[in-house]
Amino acid sequence: RRATRGDRIPRLARWTGEMASSGRLPAFLVALTAGLLGFAFLFTVDYPVSAITVEGLNVGEAREVVEASGLLGDPVFHAELEAAAERIAALPYVERVEVSLTFPGEATIAITEREPALILARGRERALVATSGAIMAPSTDLDGLPVLKVGQDAPLDGSALPQELVDAIALIADERGADVDLSWTSNDGLVLKLPSGRMAIFGEPERPAAKLAVLAAVENQIEADWEVLDLREPTRPAYR
C-alpha cells in the first residue's frame, strides 16, 4: 500500500534514532555544518587578486601585461577573465593569451607572442616588427633579424608595415643573409646595398623573387662596371 505521511514520520524518527544511537548523526551534522560554513566563507569573503604570474614573454614586459589585465586587486570571485584577456590581446606583441585564477588570489597569464621578422630603424629609434607587419615593441637585442633603415619622410604607417614589404624583406634576407643592408626611401622604395658598395633598387616590394633572380644573373654574367642596378621593372633592368 502507499505510504502515508503518518507512516513516514515514524520511519524518519526511527532513522534519526538509529543514526543517533550509532554515533553517525553527530558526524553527519558536523560535516554538513562545516560544508555550509565553508561555502558561505568562500563566497562571501572577497579575496583580492594579489599575485600575477606572466608566462611566455620574450619581447613584452610583465609590468605592462599586469597593468593591461586590470586584475590586480580585483575580488577573485568577481574577476572578469574574458575582459582581462581582451585587454591583454590588444598589446601589439601578443598573438594569443590565456588567463586563469587559482585560490586564494593568484592569477596566471600565459602569452604567445607574435613572431618577430625585422627591426625597423628610423634615425636613432628602433622598433621590432612582426611577421604580420605589426610594430611589436621598441627594439630589443634580438640577433639574426634583418634591419630596414627608413628616412623620416618614408611613407610608412606608424603602427604596421605593409605585409608585402615584410615578406619581401624576409625573402631577401633568406637569399642574402640576415645582415643585409636594406633601406626604404620615398624616391626609390626598397634598396639593397651590396657588400661591394653597389646598390640594387627594388622599388615597390612586389615580385621580389624575380628581382633577386635578375640581380644574381647580373652579378654572375655581366662584367660591366656598374654602381646602381635598377630592378623596379625586373623584365627591363637598367644599370649605370
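## Strand pairing in the sheet

In this predicted model, strand β2 and strand β3 (residues 106-113) run antiparallel and are joined by eight bridges. The pairing belongs to an open sheet of three strands, ordered β1-β3-β2, in which the pairing as a whole is mixed. β1 (51-55) and β2 (94-102) are the edge strands, each of them pairing on one side only. With direction ignored, neighbouring strands of the sheet are turned against each other by 15° on average.

## Helices lying across the sheet

Two helices lie across strands of this sheet. Helix α3 (residues 62-69) lies across β1 and β3 and runs at about 125° to β1, whereas helix α4 (residues 81-89) lies across β2 and β3, running at about 150° to β2.

Which residues of α4 are buried? They are Ala84, Ala85 and Ile88, and because they cover an arc of only 100° around the axis, they sit on the same side of α4. An α-helix has 3.6 residues a turn, so residues three or four places apart point the same way. The buried residues of α4 pack against α3, β2 and β3, while the face turned away from the buried side carries the exposed residues Glu82 and Glu86.

Leu91 lies in the loop between α4 and β2. Is this residue buried or exposed? Its relative accessibility is 11%, and since buried means under 20%, Leu91 counts as buried. Leaving aside neighbours within four places in sequence, Leu91 is in contact with Glu64, Val65 and Ala68, and the range given for α3, residues 62-69, takes in these positions. Leu91 and Gly60 are 31 residues apart in sequence, yet their C-alpha atoms are 8.8 Å apart in space.

## Helix α5 and its two faces

Helix α5 (residues 163-176) has 14 residues, which at 1.5 Å a residue should span 20 Å, and the distance of 20 Å between its end C-alpha atoms agrees with that expectation. Its buried residues are Leu165, Val166, Ala168, Ile169, Ile172 and Ala173. Seen down the axis of α5, these buried residues fall within an arc of 160°, so they line one face of the helix.

The face of α5 turned away from the buried side carries Asp174 and Glu175, both of which are exposed. The residue that follows α5 is Gly177, and its phi is positive, near 100°.

## Asp230 in strand β11

Asp230 is found in strand β11 (residues 228-230). With a relative accessible area of 19%, Asp230 is buried, the cut-off for that class being under 20%. Its side chain makes a polar contact with the side chain of Arg232, at 2.7 Å. When residues up to four places away in sequence are not counted, Asp230 touches Ile201, Pro237 and Ala238.

## The chain as a whole

The protein chain contains six helices and 12 strands. Of its 240 residues, buried ones make up 34%. Among the contacts between residues at least 6 apart in sequence, 48% join residues at least 24 apart.

Technical notes. Residues are numbered from 1 along each chain as its sequence is written. This is a predicted model: local features need pLDDT of at least 70, side-chain atom pairs count only at pLDDT 80 or more; totals for chains, interfaces and linings use all residues. Side-chain values use heavy atoms; hydrogens and water are left out. Helices (H or I, at least four residues) and strands (E, at least two) are DSSP runs, numbered from the N terminus. The expected span of a helix is 1.5 Å times one less than its number of residues. Buried means under 20% relative accessible area, exposed over 50%, partly exposed in between (1.4 Å probe, protein chains only). The arc is that of the directions from the helix axis to the C-beta atoms. Two strands pair if DSSP finds at least two bridges between them. Axes are lines fitted to C-alpha atoms, for helices over the stretch in contact, and angles run from 0 to 180 degrees between N-to-C directions. Contact means heavy atoms within 4.5 Å. A polar contact is a pair of N or O atoms within 3.5 Å; within protein, one must be able to donate a hydrogen and the other to accept it, and residues adjacent in sequence count only if both atoms are side-chain atoms.
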